[in-house]
Amino acid sequence: MGSTALELIQLGAVFFGLGLLGRLAQRIGMSPIPLYLVGGLFFGHGGVVELHIDSFTELAAEIGVVLLLLMLGLEYSAAELVTGLKRSWVAGAVDLVLNALPGAVVALILGWGPVGALVMAGVTYISSSGIIAKILGDLGRMGNRETPVVLAILVLEDLVMALYLPILTAVLGGVSLVAGLTTVGISLFVVSGVLLIAVKFGRFVSAVLYSEDREIFLLKLLGSALLVAGIAAALQVSAAVGAFLLGIAIAGPAAHTAAQLLEPLRDLFAAMFFVAFGLSTNPSDIPPVLVFALILAVVTAATKMATGWIAAARSGVGRKGRVRAGAALVARGEFSIVIAGLAVSSGAAPPQLAALATAYVLLMAVLGPIVARVAEPVAQRVMKPATAPTAA
Amino acid sequence: MRLGYVRHVNVEVTPLPGIGVRKDFAIRAGKRIGVITHRDGGIELIVSRTDDPDACLASIPLTTDESATLGNLLGAPQLVAQLTEEHRDVPGIMTKQLPIPEGSPFDGRTLGDTEMRTRTKVSIVAVMRAGQVLPSPGPELTFTAGDLLVCVGTAEGLAAAAKLLKKG
């Protein structure tokens, strides 16, 4: 059998398998991300069956990251980002401090040094806007008063990512402190520049790319995303950041159409990315870090709850709403894996980091939706005895 | 056209980044009621819970047609009441809302085609469509099923008009 035939068969089997896993996830009402990761673990080095489709997987995974970040940039308009920053920076700061610290501390305890700490801080900080948007929709919470608070926090995490990813890329590249600071300076400059362009001239960027014809628009969109990502990568800024900034610069109706067009592609390539990440994780690395993953899961679920509680309280939302806001934010997913993936592929992070990130995201992507569902009834039971005496 | 009853309600507009816009207001009974307009054009009707005003008792997704119909149902009686009040001094004149029902022969045809004024002596003073009022419609206006016509005429005239719109 020719190698192409073998690769096609293997790739087909992987996609088909992922389809079945996705269906299973849908049946039990959970995010498919953890199942994709498990799928990758299953087929990877040290897994049950070893697959060799490296040439395609690698590129597909890279495109997956570009599309994930492009869609994240498309999700919010530049105006929304700026308004979010003005209105809820306090909540955003609380979110950053409370949720980045646990990851950093665990990385330091495990002896992964400042680079590992920076990576794990990002992994535990960033909520999964994909999972959370789905939770809010499924539970009929779009009209709730705490929902704008939850969304504002996601918007700010988006902004933080725009600064964090270039810094992370620079640090992972092993640059010196001075060069690192320069990169930070440049990325701050570029991000604010892109925001300014997007706010003032977003229409022009959109006008250049936009086409009434879906096919032409898709090709232009995908072409520009890969071009920008490639150029960004060549300039030692991460490819992901380039795609993300392009997403922010595309605005208005064009952004909406773009998101609709790219969604199936994103789903396909992102699935490949999760599988590739799972492939790069050796399952035998997981048991030694499992305890830390569990501790991180419990601690960072609590810190996100606290974040939601504080942010919602600041907006005058009642106690039940604060619990709902916190619980909704617990889920971590795609972006934690993107961050861990950047670290692992750069070779600057220990392989155990991939194992810890995998175990952590497996836990949080499964736990997140469950916590969001049960937090309110549980809180109601706990709160009742406490509030009963004051009521009587 | 702004209707008088809109003035006293303070609609709160809250942007939902990445989702759309929420527009709601507190009703006298204590609940919040409103709509979420999704970026993709979807509309959701929301009603808050009484015991927890932050949460929603229901959030009901509506199609464009459904929300337009609901808008008509809610808005038309107000307009009719207003017109009835204005015609009170003229005995024998009534105001009534008549629908263009599904399967009406005038679905897709113009107001002029009905020859309403000639055949029933009834005047169509306004058409309610998609929650909006089209005042004093001309003969060139094309009807679609779900439109509510606000008609002024005598009791017999209005009965004839209803029959005309249904059967042609």
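How many helices and how many strands are there in chain B? There are four helices and nine strands in chain B, where helices (H or I, at least four residues) and strands (E, at least two) are DSSP runs numbered from the N terminus. This is a predicted model, in which local features need pLDDT of at least 70 and side-chain atom pairs count only at pLDDT 80 or more, while totals for chains, interfaces and linings use all residues. Residues are numbered from 1 along each chain as its sequence is written, chains are lettered from A and ligands numbered from 1 in the order in which they are written, and side-chain values use heavy atoms, with hydrogens and water left out.

**View 1. Chain B as a whole.**
Read along the sequence, the elements of chain B follow the pattern β-β-β-β-β-α-β-α-α-β-β-β-α. The C-alpha trace of chain B spans about 55 × 35 × 25 Å along its principal axes.

**View 2. The five-stranded sheet of chain B.**
In general, strands of a sheet pair through backbone hydrogen bonds, either parallel or antiparallel. Here an open sheet of five strands has the order 1-2-3-4-5 in chain B, with antiparallel pairing; two strands count as paired if DSSP finds at least two bridges between them. Strand 1 (12-16) and strand 5 (56-62) of chain B stand at the edges, each with a single partner strand, so one side of each is left without a neighbour in the sheet. The twist averages 20° from one strand to the next, with axes being lines fitted to C-alpha atoms, for helices over the stretch in contact, and angles running from 0 to 180 degrees between N-to-C directions. Five bridges join strand 1 of chain B to strand 2 (residues 20-26) of chain B, and these two strands run antiparallel; B:Leu16 has B:Gly20 in strand 2 of chain B as its bridge partner. Helix 1 (residues 64-86) of chain B packs on this sheet, where it touches strand 4 (43-48) and strand 5 of chain B, and its direction makes about 115° with that of strand 5 of chain B; contact means heavy atoms within 4.5 Å.

**View 3. The four-stranded sheet of chain B.**
An open sheet of four strands, again in chain B, has the order 6-9-7-8 with antiparallel pairing. Its edges are strand 6 (94-99) and strand 8 (132-135) of chain B, each with a single partner strand, so one side of each has no neighbour in the sheet. Neighbouring strands of this sheet are turned by 25° against each other on average, direction ignored. Strand 7 (residues 123-129) of chain B is joined to strand 8 of chain B by four bridges, the two running antiparallel, and B:Val127 stands opposite B:Leu134 in strand 8 of chain B. Helix 4 (residues 155-167) of chain B packs on the sheet and touches strand 6 and strand 9 (148-153) of chain B, its direction making about 10° with that of strand 6 of chain B. Strand 7 of chain B also pairs with strand 9 of chain B, in the antiparallel sense over five bridges, and the partner of B:Ser123 in strand 9 of chain B is B:Val152.

**View 4. Helix 5 of chain A and helix 7 of chain A.**
Helix 5 (residues 113-125) of chain A and helix 7 (residues 147-172) of chain A pack at an angle of about 160°, with their axes 11 Å apart. Residues making the contact include A:Val115 and A:Leu118 of helix 5 of chain A and A:Leu156 and A:Val160 of helix 7 of chain A.

**View 5. The interface of chain B and chain A.**
At this interface, 22 residues of chain B are in contact with 20 residues of chain A. Chain B and chain A bury about 1,700 Å² between them, 52% of it on carbon and sulfur atoms; buried area is the accessible area (1.4 Å probe) that two parts lose on being put together, summed over both. In chain B, B:Pro17, B:Arg39 and B:Asp54 lose the most area to chain A, together 36% of what that side buries.
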